[in-house]
Amino acid sequence: MNLLRTSLMAVVLLFVATSCSKDEIPVEPETNFSVDLSLANKTDWTMANDILVLVNDHRRSLNLEPIKLDRQLATAYAVMHTEYMIDNERISHDGYAQRSLALQNDGAQSVGENVARGYRSAEDVVNAWLNSQSHRRVIEGDYTHCGFGVMQDYRGTFYFTQLFYSE
């Protein structure tokens, strides 16, 4: 019975706190993809700044350059995607190709993305990403900037999009 209870708790934990990453996928063409820059004001900047500190601490430990914060374009796209995930009550990379192309049209050389939901602190989400090979690869990637969409749904569940790019 204890084994069944432990297995059930593990499944519930996976359902409650999940994450996903996307790094350098092919981009299908889209010509009219724009974003309202005022969306960037919707992100939880306290949590986003804490995440960035932890990501940069990790990068420094590997002698990698720190990531700079893009409070406008990348953040607006990240917020737009986080709102989409909240509306759909699931994490996804839907529309990643368009976000990537939009940043590339603005000068980005490469783009990567980590998403998650259900974590209650910056430490929890960054630890989850670092304990996943695909997320860690994005965090340790050859990126120079990032934007954040960190928001809560009506239940108080956090959703995260960290959109990385290199100039």
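A residue counts as partly exposed when its relative accessible area lies between the buried limit of under 20% and the exposed limit of over 50%. Glu 89, with a relative accessible area of 40%, is therefore partly exposed. Please keep in mind that this is a predicted model. Glu 89 is a handy place to start, as this residue has a positive phi and also belongs to a network of salt bridges. From there, the briefing moves on to the strands and the nonpolar cores.

**Backbone: positive phi values**

- Most residues other than glycine have a negative phi.
- Glu 89 is not a glycine, yet its phi is positive, at about 55°.
- You will find Glu 89 in the loop between helix H3 (73-88) and helix H4 (96-105).
- Asn 63 is another residue other than glycine with a positive phi, here near 60°.
- Asn 63 sits in the loop between H2 and strand S2 (68-69), and its relative accessibility of 74% makes it exposed.
- Gly 156 takes a positive phi near 95° in the hairpin of S4 and S5, where 5 residues lie between the strands.

**Salt bridges**

- Side chains of opposite charge can pair when their charged atoms come close.
- The count of salt bridges in this model is 7.
- Arg 155 and Glu 89 form one of them, with their closest N and O atoms 3.8 Å apart.
- This pair links distant parts of the chain, since Arg 155 lies in the loop between S4 and S5 and Glu 89 in the loop between H3 and H4, 66 residues apart.
- Arg 155 has a relative accessible area of 53%, so it is exposed, whereas Glu 89 is partly exposed at 40%.
- Asp 153 joins Glu 89 and Arg 155 in a network of salt bridges.
- Lys 42 and Glu 83 meet through their side chains in another salt bridge, at 2.7 Å from N to O.
- Here too, distant parts of the chain are linked: Lys 42 is in the loop between strand S1 (18-23) and H2, while Glu 83 is in helix H3, 41 residues apart.
- Lys 42 is partly exposed, its relative accessible area being 46%.
- Arg 136 forms a salt bridge with Glu 140, and the closest N and O atoms are 3.1 Å apart.

**Strands around S4**

- S4 is mostly covered, with 7 of its 8 residues buried.
- S2 and S4 run parallel and are joined by 2 bridges; Leu 69 has Cys 146 of S4 as its bridge partner.
- S4 and S5 run antiparallel, with 8 bridges between them; Gly 149 has Thr 161 of S5 as its bridge partner.

**Nonpolar cores**

- In soluble globular proteins, nonpolar side chains tend to be buried together.
- The largest nonpolar core holds 24 residues, and the members that touch the most others are Ile 51, Val 125, Val 150 and Phe 160.
- Helix H2 (45-61), helix H5 (122-130), helix H6 (133-139), strand S4 (145-152) and strand S5 (158-166) each give two or more residues to this core.
- A second, separate core has 21 residues, among them Ala 76, Val 79, Met 85 and Val 111.

How values were computed:
Residues are numbered from 1 along each chain as its sequence is written. This is a predicted model: local features need pLDDT of at least 70, side-chain atom pairs count only at pLDDT 80 or more; totals for chains, interfaces and linings use all residues. Side-chain values use heavy atoms; hydrogens and water are left out. A nonpolar core is a set of buried Ala, Val, Leu, Ile, Met, Phe, Trp, Tyr and Cys residues joined through side-chain atoms within 4.5 Å. Buried means under 20% relative accessible area, exposed over 50%, partly exposed in between (1.4 Å probe, protein chains only). Helices (H or I, at least four residues) and strands (E, at least two) are DSSP runs, numbered from the N terminus. A salt bridge is a side-chain nitrogen of Lys or Arg within 4 Å of a carboxyl oxygen of Asp or Glu. Two strands pair if DSSP finds at least two bridges between them.
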